[in-house]
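Open the model in your viewer and keep the selection panel at hand. The stops below say what to select next and what is there.

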Amino acid sequence: MSGRPLSPGVVARIEELWTRYPHKRAALIPALHLVQADQDGWLSAEALRATAELFDLPDQEVRGVVGFYEMFHTEPVGRHVVRLCKTLPCKLRGADALIARIAERYGVGRGETTADGRFTFECFECLGHCSTGPMMLVDEERHENLTVGDVDRVLDGLE
Amino acid sequence: MSAPAHLRIDGHAVTVPAGTNLIEAARRAGVTVPHYCYHPRLSIAGNCRVCLVEVEGVGKLQIGCNTGARDGMVVHTANERVKEARGGVMEFLLINHPLDCTICDQAGECKLQDYAVDHGTGVARFEDGKVHKPKNVSWGEKVVFDSERCILCTRCVRFLDEVAGTPQVSIDERGDRSTLIVGGDGALTSPYQMNIIDICPVGALTSRDFRFKSRLWFMRFTETICTSCARGCNVVAGSRNDRLLRMVPRENPEVNDHWMCDHGRLHYAFVNDEARIVTAKAAGRPLPYAAAIDQAAQLLEGARAQGILAVASPFMTNEELWALKGLCDALDVKDRWFLKPMGEGDDLLVHPEKCPNARGAALAGFVEAPAPPPTPTCGALLYVAPREGAALPPEFLAQAGKRIVFSLREQEADLLFPLTTFLEKDGTVVSAGDRVQRLTKGITFDRNLLAERSVLDRIHAALEPGFVAPETAAQAFARLAEGPAAFADLTWAKVGALGTPLAREGATA
Amino acid sequence: MLEHAGDPAQRTLEGYRRHGGYIALEKALRTMQPDAVTAEVLQSGLRGRGGAGFLTGKKWQFVPKGGSKPVYLCINADESEPGTCKDRQIMEHDPHQMIEGALLAAYAIGAGTCYVYIRGEYPHSIRATEEALVEARAAGLVGRDILGSGFSCEMWVHPGAGAYICGEETALLSSLEGGRGYPRLKPPFPAVEGLWRCPTIVNNVETLACVTQILRRGAAWFAGLGCAGSAGTRLFCVSGHVRRPGVYEFECGKFTLRELLEEFCGGTNTGRPIKGCMPGGSSFQVLSPAELDVRFDADSVAKAGSSLGSGGIMVFDDSVSALDVALNIAEFYSHESCGQCTPCREGSDWVKKILLRMARGRGTAGDLELLWDVTRKMDGTTICPLAEALVWPVQSYLKKYREDFEAAVRGGATA
């Protein structure tokens, strides 16, 4: 899987983003989100080079921006991305047990993708749902006040 | 021009323009504030935190590089509080640093080593696993990168962006996983890229050319000038056992600032070329110098009537050119040329004249050879061959009567004498911008080799009894100073390590 | 601020207007000079709600007057401080309150563009804010010549991509400009040289919601709530070992922390005694059980050696080892350190490694002194306060729960 050049639809949306800022470069991170979403949830070297070219930036400069932020993937991911919070409030409400459960039931540790490609599991730092933890984001859906049963149910149900 | 600020640094009173950063202000007070990421020619990064100093009245320690001098400031750069903080920063820098000193080329000129000794805590308390990163990463043919040694000061990033104009290096990852990456196919393209090796305070960036060649403390360092073009970038030549191992730039605000181009830096193999001739030769066979000099004198005397053509090289020093001039004067030589190799220049340092002393040749009374040169009619040719880039064509040489040639390598001649390279002599050249600069002798290529200046002076002496040749560089230079007005008032000492401008009158472009 | 958060219609422009929405904006644009808006906010005593607690009106005044460069407003919706989930409530349930406050702020400082920097992990907040902006723009409340007043202000949502450090205002600017989220050297300060070197004010979401309330109901009303140093109402998130975790809005200075935890939040959900409470997110000192009787307001908590910070109150009971808590916190900061400057880049991971080793039963007696000294050398030597955000809590755990660390050294692995 080597990625693709940018689709015309994405380019059009990026061009619209440019109108929001006095300098094109400011649209880089919103643009990278669009590119990633358009290309199976990850940013290939080819996609990054195409984005750098579009923004008239050195290609390694764009790679360096991508490498700073948690939400960007530079390797293929599963069909879904599961982000479970491991920070203090969620830990206090049992996140550790859920991490262990996921490892045991689905065979994935932090940053790993299930063998069947259904999901990539990531332990994230504070996701901002501290009063309703433990919590996980599955793509853009959230699941709060998690029990082991909840985790099983949600993750089993992913296609 | 901003208002003056009077401040006290470690008890020394010093006055600097308000806003001057404290590292520079301290320097003027004779105080050195250690630093890594700061460089006077690059934007401020403020990330290494080594230059922390105490400013009275300000609670937290401040980084000297980003603190501007204000009138009345009192600064401490070496009290207990600062020393402790600095020791802390040094300790942090060392905890993940690989113990590469024994195999790292930077040893001996490494600021991490130096500051660890001067400012470090002297004890290693880190017992956990060091972070591992890529090592021995090629950044092209010239530069090698070691990410574990890198302290992320970003000097290289800023240099390539701000000075070289090729922003090809960026930081990737985050936190202590941060590392440097190169764009495109992973190879730097700037013709000035090797300057990042000099400005890297540690051994993260090293020269492939110099890799594992020698330890610094076995080397001899000579301050001289690069001779690959007319710019005359100031350099330090590092040699060992009379062979040149590397060249690095030397700071001269009037010429090359802190930099030199990669071509000049790497172009020195000719110095060490074992194919160089070291004896005089007649028709291809070695001849003792005394005999060769006598023969040359007779040959030239004999050709006087028909005419002698002298062709100088713009790679000669002024002193050598004056020796040749003296000989030509003694022989009433009318036609005096020099050959000037040309090429591309750029808008940074590279000059289109690919020789160090075309100006000196002109001041010594030589004119640029017509191109192409007309069929020779001289009885004898006295020819100092340029090191490279320009030469008298073979057909010309074949018809030039008796040929006395000075050359680095073997070539056809009736009498052949060797040449020395720039590192084998004291002398001066006139660089672009009409600046007289010094070459300094650093090696003796071969003990049997008699330098061209001596040969020319001895031929002169054979033709003109009573001629006394100057011996030392200073004496040879004094002979020049009697010449064109351009050299008036100059002495060898005055030229100094950084050179000095020629007088306006008589100077050339 | 959360008065109408329970009403799903509050998200819509129509619903917002029904509860007095955009009246303050209209009043300000039609009848007040920008400086008068600033004066109102100053008078109210409003302090920033992002964690630093700086007087909001005073910050606005740092924008130089009469400059030729455009002025920018940024809403810091990066909310990533552990324990904090309050800004999200405003964005998801009452985004117009934030938008109106931003427009008022923009008017006061002369900003023609406002960027809402929302952390990338908040898709619901991003969606809700974007939808609200679509409505607002259509109603002429955002964009050119707002309400025919001559004042123009564009507003755009700008997503982050997962980096806690982007909540630091200068790092936010670096990120918004399309770069790595590196904090910047100060001076210059953002109010003078921020986005693209133009004057920029960065305000927290809750702060701007307060601005709306202040301009709607008056500075005197706001100043009359709460107590000295903590005017108005504040949002707090309570999490961890409590029976009733959640986001609470109340006046400061009316009760103690213990009363808040025991009475309002129902005490621990485990029945075990409270062992410690971090009152303001993970970047400040923990308060031990003996210290919970502090009156719950900014000045009192500061005097007690901690801070209200971002309002993230985390509680743990005595089943938890302080070592584990400290380790979790150290893991957070070492993971989030941007890596720009030496002491934080190297020191944060060193602290984590020592604590991890201790938690695995391989700590030594010297490790406690080592931790203390390493953290001490990170304090005050860095570009931004992330180093202190690690140092202060970890040192407070070492000091107040030394027995937990010593027990680990003696041979009890806890992790």
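Helices (H or I, at least four residues) and strands (E, at least two) are DSSP runs, numbered from the N terminus. This is a predicted model, in which local features need pLDDT of at least 70 and side-chain atom pairs count only at pLDDT 80 or more, while totals for chains, interfaces and linings use all residues. Residues are numbered from 1 along each chain as its sequence is written, chains are lettered from A and ligands numbered from 1 in the order in which they are written, and side-chain values use heavy atoms, with hydrogens and water left out.

**Stop 1: chain A**

Select chain A and colour it by secondary structure. Chain A has 7 helices and 5 strands. Read from the N terminus, the order is α-α-α-α-β-α-α-β-β-β-β-α. The C-alpha trace of chain A spans about 50 × 35 × 25 Å along its principal axes.

Of the 159 residues in chain A, 57% are buried. Buried means under 20% relative accessible area, exposed over 50%, and partly exposed in between (1.4 Å probe, protein chains only).

Now turn to contacts, meaning heavy atoms within 4.5 Å. Among contacts in chain A between residues at least 6 apart in sequence, 65% join residues at least 24 apart.

**Stop 2: chain C against chain A**

Show chain C beside chain A. Here 59 residues of chain C are in contact with 36 residues of chain A. The size of an interface is often given as the accessible area lost when the parts come together. Buried area is the accessible area (1.4 Å probe) that two parts lose on being put together, summed over both. For chain C and chain A this is about 3,900 Å², with 59% of it on carbon and sulfur atoms.

A salt bridge is a side-chain nitrogen of Lys or Arg within 4 Å of a carboxyl oxygen of Asp or Glu. The interface of chain C and chain A has 3 salt bridges by this rule. Select Glu92(C) and Arg142(A), whose side chains meet in a salt bridge (2.7 Å, N to O).

**Stop 3: chain B against chain C**

Select Phe92(B), Arg125(B) and Arg174(B), which supply 26% of the area that chain B buries against chain C, more than any other three residues. The rule finds 4 salt bridges across the interface of chain B and chain C. Arg376(C) and Glu84(B) meet through their side chains in a salt bridge (3.2 Å, N to O).

**Stop 4: a loop of chain B**

Go to the loop between strand 18 (367-368) and strand 19 (380-384) of chain B, where Cys378(B) is found. Is Cys378(B) buried or exposed? Cys378(B) counts as buried because its relative accessibility is 9%. Residues that Cys378(B) touches include Gln306(B), Ile308(B) and Ala400(B).

Pro372(B) is also in the loop between strand 18 and strand 19 of chain B. A cis peptide bond joins Ala371(B) and Pro372(B), with omega about -5 degrees.

**Stop 5: two positive phi values**

Select Glu173(B), in the loop between strand 8 (169-172) and strand 9 (179-182) of chain B. Glu173(B) is not a glycine, yet its phi is positive, near 65 degrees. Next select Asp242(B), in the loop between strand 12 (234-240) and strand 13 (243-249) of chain B. Asp242(B), also not a glycine, has a positive phi of about 60 degrees. At 27% relative accessibility, Asp242(B) counts as partly exposed.

Terms used:
Lists of a residue's contacts leave out its neighbours within four places in sequence.
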